[in-house]
Amino acid sequence: NIGSVIMQNPHIEYEQKIKYYHRVIAKTVAKWAPKDSQILDIGCGVGHILREIQSIRPDLSLDAADAYAECLEITKQSANITSSYLLPENTFDLSAISDKKYDIIIFSHVLEHIPAPLKAIEDINHLLKPEGKTVLAVPNSLTPAKFLLAAFRRYPANLGHCFHWDR
């Protein structure tokens, strides 16, 4: 039936495989977070990082934010989420979150999707407590493996990426 084609979101890993960097970020947050900290994962995807943090540090309060309701639902099923926030996909509007302050904000593999990355970082800083920290990770699209894989994948560039970094 041609009229009932379902397009999967290219940013969601439906097979739910956790990657090495998810664990590294979770361990970093677990190490830096004071007892009973407030943690926010912006662009949480399907909750890999939050699930890992919860397994290491169940004392932490975890919040999730994403541009896709489906991601938030999957995340809430896999981790104990205190609050979740659906963000507008085409703008980086954090006003729904502005009433809270966080000890640590995770911003993993999100910055490359935002047209104004410096403003996004400034906006995130307004959500941090005075001694708060941001864990920021971006993909390095110039590693040899990623360069070769790009030549053979369905989409020649990462969908939705506005920027690429190599250092």
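Two strands pair if DSSP finds at least two bridges between them. Helices (H or I, at least four residues) and strands (E, at least two) are DSSP runs, numbered from the N terminus. By these criteria β1 and β2 run parallel and are joined by 5 bridges. Within this pairing, Ile 39 stands opposite Leu 62 in β2.

The model is predicted; local features need pLDDT of at least 70, side-chain atom pairs count only at pLDDT 80 or more, and totals for chains, interfaces and linings use all residues. Residues are numbered from 1 along each chain as its sequence is written, and side-chain values use heavy atoms, with hydrogens and water left out.

A residue is buried under 20% relative accessible area, exposed over 50%, and partly exposed in between (1.4 Å probe, protein chains only). Strand β2 is largely enclosed by the rest of the structure, because 6 of its 6 residues are buried. Ser 61, Asp 63 and Ala 65 point one way from the strand. Leu 62, Ala 64 and Asp 66 point the other way.

In soluble globular proteins, nonpolar side chains tend to be buried together. A nonpolar core is here a set of buried Ala, Val, Leu, Ile, Met, Phe, Trp, Tyr and Cys residues joined through side-chain atoms within 4.5 Å. The largest such core has 19 residues. Those with the most contacts inside this core are Val 29, Ile 39, Leu 50, Ile 53 and Ile 106. At least two residues of the core come from each of α1 (20-32), α2 (48-56), β2 (61-66), β4 (102-108) and β5 (128-137). A second, separate core holds 18 residues, including Leu 87, Leu 94, Val 110 and Ile 114.

Ile 106 was followed in detail. Contact means heavy atoms within 4.5 Å. With neighbours within four places in sequence left aside, Ile 106 is in contact with Ile 25, Val 29, Ile 39, Leu 40, Asp 41, Ile 42, Ile 49, Ile 53 and Val 135.

Helix α1 has 13 residues, which at 1.5 Å a residue should span 18 Å. The expected span of a helix is 1.5 Å times one less than its number of residues. The end C-alpha atoms of α1 are 19 Å apart, which agrees. The buried residues of α1 are His 22, Ile 25, Ala 26, Val 29 and Ala 30. Seen down the helix axis, they fall within an arc of 135 degrees, so they line one face of α1. The arc is that of the directions from the helix axis to the C-beta atoms. The cover over these buried residues includes β1 (38-42), α2, β4 and β5. The face turned away from the buried side carries the exposed residues Tyr 20, Lys 27 and Lys 31.

Charged pairs were also examined. A salt bridge is a side-chain nitrogen of Lys or Arg within 4 Å of a carboxyl oxygen of Asp or Glu. The whole structure contains 6 salt bridges. One of them joins the side chains of Lys 76 and Glu 73 (3.2 Å, N to O). These two residues lie 3 residues apart in helix α3 (residues 69-78), so about one helical turn separates them. Lys 76 is partly exposed, at 38% relative accessibility. Glu 73 is likewise partly exposed, at 41%.

Lys 119 and Asp 123 form another salt bridge through their side chains (3.0 Å, N to O). They are 4 residues apart in helix α4 (residues 117-125), again about one helical turn. Lys 119 is partly exposed at 47% relative accessibility, whereas Asp 123 is buried at 18%.

The side chains of Lys 129 and Asp 103 also meet in a salt bridge (3.2 Å, N to O). This pair links distant parts of the chain, with Lys 129 in strand β5 and Asp 103 in strand β4, 26 residues apart. Lys 129 is partly exposed, with a relative accessible area of 31%. Asp 103 is buried, with a value of 16%.

Backbone angles complete the description. Most residues other than glycine have a negative phi. Asp 36 has a positive phi, near 60 degrees. Asp 36 sits in the loop between α1 and β1 and is partly exposed at 47% relative accessibility. Phi of His 109 is also positive, near 60 degrees. His 109 belongs to the loop between β4 and α4. His 109 is partly exposed, with a relative accessible area of 21%.
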